[in-house]
Amino acid sequence: MDAIQIYGGNCLHGQVRIQGSKNAVLPILSAALLIDGVCEIENCPVISDVYHMLRLMESLCCKVERNGHTVRVDASGVSRCDMPSDSVSVMRSSIMLLGSLLARTGSVSMQYPGGCVIGKRPIDLHLEGLRKMGVVIREREDGFDAETKGLTGAVHRLPFISVGATENLVLAAVLAKGETVIENAAREPEIVALCDFLQKAGADIEGVGTKRLHIRGVEKLHEISYRVPADRIVAGTYLAACLCCGGEIFLKDAPCVQMKAVSAAAASMGAEIEEHEEGLSVVCKERRVMPPGLITECYPGFPTDLQSAFLAAMSLADGEGVLEETIFENRFRIVPQLQQMGAKISCQDSRVYVSGVKTLHGAILKAEELRGGAALVLAGCAAEGKSIIKNRHFIERGYEDICLDMRALGADAALL
Ligand code: UD1
């Protein structure tokens, strides 16, 4: 059965090691397409998004070998440029392959990536940027054909910050002729990881981690071995689990520096957080207090990917509060489900108003997307009684084994 069963109410105690980052590894796998040889990627999370990405790369004639958390990609034979539509529809991140494939083969044919329940998620910035770099794009009703006689550098000023568009333009620029500047670039740690990978492979990128990236195209990139950094969103999810359930946990390998806004939000709710070289320790002894107001922002602000997990925690905090979503227009899908568990929350446009309750009660719930699904697991672990969370495949897109991790922390969660 595609579900998770939880007996809630346990206080958390224990340690869990944080897996490699999903949002870092997906563009890095795309970057491996730019290299005419073998790349070894270590600490690659074993999640379904990576599985689908690797299948998609194989369909483009990449050789892929996977051994546990190590993946070897040999892109020397990449020749195909039409992406199979069934893979594109299950895998929104297939758009991440566009910049690299254009650099490698000069033409790409694909369907628009599938719809997404958290919002419209158009790709206009990706396409507009690539047009500026010498790509002719013919849009069809359900997809597009893109072609270039050679990518050329360009100056981009993104009208608003987009992680994916920044990544695609970086991928298109590293082997392009001439210089590319991306103004108002996203600064997420996953973009820093992508640039780090590319620099180690021989790319010339300046301004990494800032809003202005300056890329000088190089002739070719060389084979490398690279270790994927730990997943700040998975670490933040388990930190929120401790806020929901109370207790004392250690998040081994958690990327503390990337988690400042998340740690600050947790501290404002009464958690004691300590940063260590080996990870993050979290202690939640007293009942949590409502944060003064939480708002999602681009990095280094509080991440939209942890909005649902913190909503679950806020539902159980003392006082009244507001949580505001500024990145995606439809990311409050778990509100009715938390209400079903007894949460006193109400949604109005981009805000959720929360009046904290002492306890939630178990219920039969349904994950509708990745991060919201993980948040339901946290709510189930904190609630009294039994919960069933259906559609666990959404959660498996990004968490290697959320039940195993939650059990290591003392919760009672198992696959059904
Ligand atoms: C990435 C992350 C996702 C995270 C998000 C924001 C991956 C695989 N996914 O998604 O987990 O929640 O960043 O931190 O890394 N937009 C447009 N036109 C475009 C591109 C984006 O209008 O061409 C809009 C989107 O609909 C959204 C906003 O811009 O409202 C930000 O999206 P973006 O930063 O691009 O998110 P993703 O790269 O899709």
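Start by selecting Asn184. Buried or exposed? At 14% relative accessibility, Asn184 counts as buried, because the cut-off is under 20% relative accessible area. This is a predicted model, so read every value here as computed from its atoms.

Stay on Asn184 and check the backbone. Its phi is positive, about 60°, although Asn184 is not a glycine. Most residues other than glycine have a negative phi.

**Next stop: Cys61**

Select Cys61. Here is another positive phi in a residue other than glycine, near 80°.

**A cis bond**

Go to Tyr299 and Pro300. Is the peptide bond between them cis or trans? The bond from Tyr299 to Pro300 is cis, with omega near 10°. Most peptide bonds are trans. Pro300 sits in a loop. Strand S17 (294–295) is on one side of that loop, and helix H10 (307–315) is on the other.

**The cavity**

The structure holds one cavity of 30 Å³ or more. About 40 Å³ of space lies in the largest cavity. Select its lining in these groups:

- Ser21 and Ala24
- Pro189, Glu190 and Ala193
- Pro229, Ala230, Asp231 and Arg232
- Gln258

Colour the lining of the largest cavity by class: five residues are nonpolar, two are polar and three are charged.

**The second largest pocket**

Now select Cys244, Cys245, Arg288, Lys358 and Ala382. Of the 18 residues that line the second largest pocket, these lie nearest its centre. Two elements each give two or more residues to that lining: helix H8 (232–245) and helix H12 (370–382). Show both helices. H8 supplies the largest share of the pocket lining, three residues.

How much space is in the second largest pocket? It contains about 240 Å³. Colour its lining by class as well. Eight residues are nonpolar, five are polar and five are charged.

**Zoom out**

Show the whole chain as a cartoon. How many helices and strands are there? The chain has 14 helices and 23 strands. Turn the view along the principal axes: the C-alpha atoms fill a box of roughly 65 × 40 × 40 Å.

Then colour by burial. Of the 416 residues, 56% count as buried, and Asn184, the opening stop, is a buried residue.

Finish with the surface. The chain exposes about 16100 Å². Carbon and sulfur atoms supply 49% of that area.

Methods. Residues numbered from 1 in each chain as written. Predicted model: local features only at pLDDT ≥ 70, side-chain atom pairs only at ≥ 80, totals over all residues. Heavy atoms only, no water. 1 Å grid on protein atoms, 1.4 Å probe; cavity = no way out; pocket = protein on both sides within 12 Å on 5 of 7 lines; lining within 4 Å. Points joined across faces, edges and corners; volume = space filled by probe spheres on them. Helix = DSSP H or I, 4+ residues; strand = E, 2+ residues; numbered from the N terminus. Nonpolar A, V, L, I, M, F, W, Y, C, P; charged D, E, K, R; others polar. Buried < 20%, exposed > 50% of the residue type's maximum accessible area, 1.4 Å probe, protein only. Areas by Shrake-Rupley, 256 points an atom, 1.4 Å probe, with all protein chains shown as cover.
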